[in-house]
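Hi,

Here is the structure I promised to send over. My notes follow below it.

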Amino acid sequence: MTWDQDSLRARFCHALSEMYKAEVPLYGDLVDLVWKADAAALQTSQQLGDAAIDPDERELSTIRRMFAVMGMAPVGYYDLSMAGFPMHATAFRPRTREALARHPFRVFTTVLRMELLTERTRALARRALAQRDIFSPRLMELLDLAEREGMLSVEECDEFIVEGLETFRWHSRATVTLEEYQILKAEHPLIADIVSFPSCHINHLTPRTIDIDRVQRMMWERGMPAKERIEGPPRRANPVLLRQTSFKALEETVYFRDARNEYVKGSHTARFGEVEQRGYALTRKGRQLYDQILARVNREATEQSAGSVEYETILKKRFEEFPDDLAQLQAQKLAFFSYRVAPHASTRAYQGMKVVSLSQLLKANVLDYEPITYEDFLPLSAGGIFNSNLAETSQSRQLIMEADTDLDGFQRMLGAPVRDEFYLYEQIQQESLESCRQQLGVGSIED
């Protein structure tokens, strides 16, 4: 057996999780809690007779090459300046439904936008980042080998995991002085987190749950420092997009260099544990409706100076405007679906027809459909998670929020175009319809 991207991706994800458990023990407790919550949710579902729930510049360019070895590509561009963060991002993930079904490992990867920093902080950040080389020589050799040969041996895959983990390992010794760290942190806490250390360490790993509300309650009951509310849409019968919560970042001991180039004890707060529940992928029309409703929610909450409880009330009330019925989501083209010929369906009458409408086939129970899972991220929700884990408010938040997006600059650093997530979901939907068309023997199925 040689290079299997799905297997390698699964093994790397597991190894990364085990490393993070060792570094942040509370994350291990959170994973155990998610398993218990999901088991309870499944038991409740079965008792109620529900259908069973189907139970997750060079640096950037090299990261892209590294994830490509595991069958992961950059999907989606996320401008985090809208949430007050001097960063933009993408998500590296598998693109096909088959690969996602085998292992849906995804990594939300942020890049600091130097042009959004003050001149003093920008110069300091560049000096600090110039000191580090986050990729081992052997990892670079393996990337070259994988690209040149199109494969890795079993032994080389083992090496790839070991060397790749070092890119993300936590280091408690900073590359900046305490004074420099405080300058960076004063401008924005995440600048200090990105710039001050010798690696691109992970801020959090995210187990996936089937009942995030239950997990949130259990975190509170166990005394975990959970954030006040779940980010994303409200609880629904037909969940959409993504809901997230987390336990808050813990203060960790780190060491900074002093004037004599010796290390002195300090602290840093950045790493936390997140949980997510994924719903249905929305079409552009559905996403536009979602964004419009959420904008009204946030505007109303701001006007009322709403706390977390009041915010939830406003959120639930406003989202009554978003259909929570599967048939309506399909008929109004608000979500993406995968179609298949229904078992024992009478298909003979359609053979040889030039055109047949999708609605006609659904009404006749010739086709079944199921929603496509959302595999991507929400910048405002990510901002809410980060904000709940920051000890201080950014001095430059308003200036950052007024910045323009920079997709072109991001893609130049990446060395490749970012895939459009809507296109990928549309492709999955169309491929399912094409398979149905061939099975039915019709010329085309009009959506």
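E231 and R229 are both buried, meaning under 20% relative accessible area, where exposed is over 50% and partly exposed in between (1.4 Å probe, protein chains only). Their side chains meet in a salt bridge at 3.7 Å, N to O. A salt bridge here is a side-chain nitrogen of Lys or Arg within 4 Å of a carboxyl oxygen of Asp or Glu. Salt bridges that share partners also join D211, D213, R214, R235 and R243 into one network.

Before you read on: this is a predicted model, so local features need pLDDT of at least 70 and side-chain atom pairs count only at pLDDT 80 or more, while totals for chains, interfaces and linings use all residues. Residues are numbered from 1 along each chain as its sequence is written, and side-chain values use heavy atoms, with hydrogens and water left out.

More on charge pairs. The structure holds 31 salt bridges. One of them pairs E375 with R106, with the closest N and O atoms 2.2 Å apart. E375 sits in the loop between β11 (367-371) and α15 (379-388), and R106 in the loop between α4 and β3, 269 residues apart. Helices (H or I, at least four residues) and strands (E, at least two) are DSSP runs, numbered from the N terminus. Both E375 and R106 are buried. R11 and D158 form another salt bridge, at 2.4 Å between the closest N and O atoms. R11 is partly exposed at 34% relative accessibility, and D158 is partly exposed at 33%.

Now the domains. The bounds come from an automatic or database domain assignment. It gives domain 1 (5-279 + 375-416), domain 2 (283-330) and domain 3 (337-371 + 419-446). Contact between domain 1 and domain 3 takes 9 residues from domain 1 and 8 residues from domain 3, with contact meaning heavy atoms within 4.5 Å. The two bury about 820 Å² between them, 46% of it on carbon and sulfur atoms. Buried area is the accessible area (1.4 Å probe) that two parts lose on being put together, summed over both. In domain 1, P74, R95 and R97 lose the most area to domain 3, together 55% of what that side buries. There is 1 salt bridge between these two domains. R97 also pairs with E370 in a salt bridge, 3.2 Å from N to O. Strand β1 (residues 73-79) gives the largest share of the domain 1 side, 4 residues.

Next, the cores. A nonpolar core is a set of buried Ala, Val, Leu, Ile, Met, Phe, Trp, Tyr and Cys residues joined through side-chain atoms within 4.5 Å. The largest has 70 residues, and F322, L367 and I445 have the most contacts inside it. Helix α18 (residues 421-440) gives the most to this core, with 6 residues. Another core lies apart from it, with 55 residues, including V31 and V107.

A91 is in strand β2 (residues 87-93) and is buried at 0% relative accessible area. Leaving aside neighbours within four places in sequence, A91 contacts residues including P74, V107 and F377. H103 lies in the loop between α4 (97-102) and β3 (107-112). H103 counts as buried at 19% relative accessibility. E252 is in strand β6 (residues 251-257) and is buried at 16%.

Best wishes
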